[in-house]
Amino acid sequence: MDETEGGLRQGMRAGAPISLASLLLGISFGVLAEPVMGTAAPIVMSAIVFAGSAQFGALAVLAAGGGAGAAIAAGVLLNMRYLPMGISIAASTEGGWFRRGLAAQPLIDAGWAMSYRGDGRYDIPYMWGFTAVNYPMWVGGTALGVLTGDMIGDPDRLGLDALFPAFFLGLLMGEATEGRRGWVAALLGATIALTLAPVTPAGVPVMTACLAALVALVPGGDDS
Amino acid sequence: MTAAWVTVFGLWATVVVTKGIGPVALGNRELPRPLTKVIDLLAPAILAALIAVGTFTNADGDLVIDARAAGLAAAAAVYAVSRKSIVLAIGAAAVTAALVRAIA
């Protein structure tokens with residue numbers, strides 16, 4: 001139990017500075033979603049879907065006049081990367097099938113990447129803590145954006161769409177890429193994603209980029 | 001129900017399953033060694049792909065270089081000095097992207 005609490009607290013500490021970015025991006029989602037989806041739906045969406053890229057993707061479809069089916073399809077594709085990510089944390093979850101499934105729900109890109117402890121293990125409480133401080137900011141930000149959208153105008157004008165790539169770069173340069181193979185996987189992943197982006201629906205590029213991790217199976221080289 | 005609400009609940013159902021299916025189906029059985037090594041590299045691969053798509057593609061998936069690339073470069077410059085300065089780096093990215101847009 002002590003370990004769980006310690007992990008939770010560490011995750012919350014690590015997630016706190018990032019929650020500011022979640023707030024700003026949440027505001028930006030609320031501002032853009034309100035004219036398309038109304039007042040309540042965007043806030044409920046942030047509260048129960050809680051997946052930034054999928055929400056922006058589905059919104060873009062709706063905003064362009066697409067139906068619910070197309071919007072859901074876009075969101076599902078953007079969320080597809082959670083499938084391999086979920087598999088990766090499976091061995092680190094505990095309890096019966098319901099608790100395991102529940103343990104995976106706070107899965108988000110940043111918290112997942114930062115909770116990796118090597119050797120196939122993830123610090124699940126750390127991941128929960130990371131999400132616990134970001135969740136209210138994302139949902140609250142969405143509400144704020146919905147309610148104050150008229151005053152804010154176009155959120156991209158403020159450079160908010162540059163926040164998360166910059167953050168992910170920090171994660172990538174940090175612990176995620178110890179050893180040469182990490183950089184090879186990163187370079188390969190980015191190449192796959194950019195090659196596919198013009199010709200596949202959104203979401204497919206990042207999902208397919210997971211295959212870059214298979215370079216781990218190439219024999220030889222400097223194994224770390 | 002409007003298209004917006006159908007989308008909200010449709011995505012809710014699918015994301016819960018997508019995240020949970022791995023842990024539910026696999027349990028905590030020990031993963032085979034090769035799979036562990038693949039998982040080791042999953043984060044760099046996904047993070048790099050997210051950076052690439054989030055910076056160099058537009059809403060249609062076309063490759064572009066715009067204010068976001070300048071923002072990413074600013075963040076990279078901050079990390080080159082100090083890898084731990086994440087807040088400073090993302091702040092620099094947003095401000096740089098906003099400035100480039102204001103000028104362009």
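**Reading a predicted two-chain model**

Student: Where is Asp119(A) placed, and what is its phi?

Tutor: Asp119(A) sits in the loop that joins helix 7 (109-114) to helix 8 of chain A. Its phi is positive, about 55 degrees, although the residue is not a glycine.

Student: Which phi does Phe50(A) have, and is Phe50(A) buried or exposed?

Tutor: Phe50(A), again not a glycine, has a positive phi of about 50 degrees. Its loop lies between helix 2 (40-48) and helix 3 of chain A. For burial the threshold is 20 or more other C-beta atoms within 10 Å. Phe50(A) has 22 of them, and is therefore buried.

Student: Why does Gly65(A) count as exposed?

Tutor: Gly65(A) counts as exposed because it has 9 C-beta neighbours inside 10 Å. The residue belongs to the loop between helix 3 (52-63) and helix 4 (68-79) of chain A. Ala51(A) is 14 residues away from Gly65(A) along the chain, and their C-alpha atoms are 22 Å apart.

Student: How is a bend in helix 8 of chain A read, and where is it?

Tutor: Start with the end-to-end span. Helix 8 (residues 124-152) of chain A has 29 residues, for which a straight helix would span 42 Å, yet its end C-alpha atoms are only 37 Å apart. The axis bends by about 50 degrees at Val146(A). After the helix comes Gly153(A), with a positive phi near 80 degrees.

Student: What is the radius of gyration of chain A, and what would a compact globule have?

Tutor: Compare the chain with a compact globule that has its number of residues. For the 224 residues of chain A that globule would be near 17 Å, and chain A has 18 Å, so the two agree. Its C-alpha atoms fill a box of roughly 55 × 45 × 35 Å along the principal axes. Chain A consists of eleven helices and zero strands, and 58% of its residues are buried.

Student: What share of the contacts with a separation of 6 or more joins residues 24 or more positions apart in each chain?

Tutor: This share shows how far along the sequence the contacts reach. In chain A the share is 71%. In chain B the share is 26%.

Student: How many residues are in contact between the chains?

Tutor: The contact involves 90 residues of chain A and 71 residues of chain B. On the chain A side, 66 of these are nonpolar, 16 polar and eight charged.

Student: Which residues have the most contacts inside the largest nonpolar core?

Tutor: That core has 117 residues, and those with the most contacts inside it include Leu163(A), Phe167(A), Leu47(B) and Ala93(B). Helix 2 (residues 33-56) of chain B gives the largest share of this core, 15 residues. Leaving aside residues up to four places away in sequence, Ala93(B) touches residues including Ala162(A), Leu163(A) and Ala166(A), as well as Gly71(B) and Leu72(B).

Definitions and conventions. Residues numbered from 1 in each chain as written. Chains lettered and ligands numbered in written order. Predicted model: local features only at pLDDT ≥ 70, side-chain atom pairs only at ≥ 80, totals over all residues. Contact = placed C-beta atoms within 7 Å. Nonpolar A, V, L, I, M, F, W, Y, C, P; charged D, E, K, R; others polar. Helix = DSSP H or I, 4+ residues; strand = E, 2+ residues; numbered from the N terminus. Buried ≥ 20, exposed ≤ 12 C-beta atoms within 10 Å, placed from the backbone. Core = buried A, V, L, I, M, F, W, Y, C linked by C-beta atoms within 7 Å. Expected span 1.5 Å × (residues − 1). Bend = angle between axes of the 7 residues up to and from the residue. Rg over C-alpha atoms; globule rule 2.2 N^0.38 Å.
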